[in-house]
Amino acid sequence: MSSDEKRPEGQQPLHPRTRAVHHGTRRSQYGEMAEALFMTQGFAYDSAEQAEQRFIASGPDEFIYARYGNPTSRMFEDRVADLEGTEDAFATASGMAAVNGALMSMVKPGDHVVSARALFGSCLYVLDILTRFGVEVTYVDGADLDQWRAAVRPGTRAVFFETVSNPTLEVVDIAGVAEIAHAAGAMVVVDNVFATPVFSRAASQGADVVVYSATKHIDGSGRCLGGLICGTRQFVREVAEPYLKHTGGAISPFNAWLMLGGLSTLDLRVRAQADAAARIAQALQGHPGLARVIYPGLADHPQHDLAMRQMGSGGTMIAIDTGSKDAAFRAMNRMRIFKISNNLGDAKSIATHPATTTHQRLSDEVRAGLGITPGLLRLSVGLEDHGDLTADLLQAIEG
Ligand SMILES: *Cc1c(COP(=O)(O)O)cnc(C)c1O
């Protein structure tokens, strides 16, 4: 098996778009052009001695069992780590396997975790699980650095937040939180789904572990589940991997193979989606039928400057407040191009009503505290023409 050539010394670093097409490709003796799909759970050894040796220490092209690693999955891991600017990555069965794996593998009873309150529902559930095993969790308002400062203490093992929160698009200051966390000796674990690997500079801004649901923008066509834990080689291979390989959180090689295809077009897609999102947000801003348009790329967003500094883009997601559940439902039911669903980052534009779907489990009070009003709609902007999408939304709101 051979890898794509390394760049000769002294040459310009390759653009991320180039690396997202090529990096990490491993070719078999056939020299196949597309990444090979190694749809195999196991690997045959030449001898008993070789099997013994491999269980003691495996080389980079030596695999044991797909729950531990697989050549197709490894190509996916190497390519994402390269894009993210981390030493390594472990690919998981879903985004939630990645969130759970990153957090569970690093804590023990008596540890303390500080987390932003505004999280995806399943992330809140994982933090709840931690508390069953003697981990104390303190919740803070992610945008308020003073609250992080007040919450961390010497036993704080990790801080956790979504860099752009779901669904209210609050932007958390990665560098600011990292400075506070690192001073207390805590690891910074971020769920970076909304920022996407295209706009992410999370590792260079102080995140120690960057977690993705690859189900979203990386697949980009809403076909399969996957996730990633990106970090130092030591964390990924010595902390996260042992936990994941023994508890069964590995990605299917087939999903990794689909996701590799997704990575080749990720940069183009996400930039086009973010560009359309910015235009749509501008077109909706100030509309009399809307109580609020939330988009980090708009100057009136409370963390607009931070979003530009941290990601250089407002991203692919918009939230609008239609004023009431009735108005939100009426608008959704009138949409023709936007589909009513709950994925995001898909080529197809999607409208979600968080209060009755993704965040239904929360009490009215908790939802209100998170800014998830009855009229709030989360919009994932896809790859359709932005003019068509704007017209679709306008007719839906005005109907
Ligand atoms: C979707 C999502 C997840 C979970 O990812 P799955 O692939 O669905 O398991 C976690 N965090 C955020 C912010 C998400 O949007």
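A polar contact is a pair of N or O atoms within 3.5 Å; within protein, one must be able to donate a hydrogen and the other to accept it, and residues adjacent in sequence count only if both atoms are side-chain atoms. A polar side-chain atom of S213 lies 2.7 Å from an oxygen atom of the ligand. For G95, a backbone N or O atom is 2.8 Å from a ligand oxygen atom. M96 places a polar backbone atom 2.8 Å from an oxygen atom of the ligand.

This is a predicted model: local features need pLDDT of at least 70, side-chain atom pairs count only at pLDDT 80 or more, and totals for chains, interfaces and linings use all residues. Residues are numbered from 1 along each chain as its sequence is written, and side-chain values use heavy atoms, with hydrogens and water left out.

Now look at the whole chain. It is divided into domain 1 (7-261) and domain 2 (267-398); the bounds come from an automatic or database domain assignment. The centres of the two domains, taken over C-alpha atoms, are 27 Å apart.

How many residues of domain 1 are in contact with domain 2? 36 residues of domain 1 are in contact with 39 residues of domain 2. Contact means heavy atoms within 4.5 Å.

The rule finds one salt bridge across this interface. A salt bridge is a side-chain nitrogen of Lys or Arg within 4 Å of a carboxyl oxygen of Asp or Glu. R17 forms a salt bridge with D267, and their closest N and O atoms are 3.0 Å apart.
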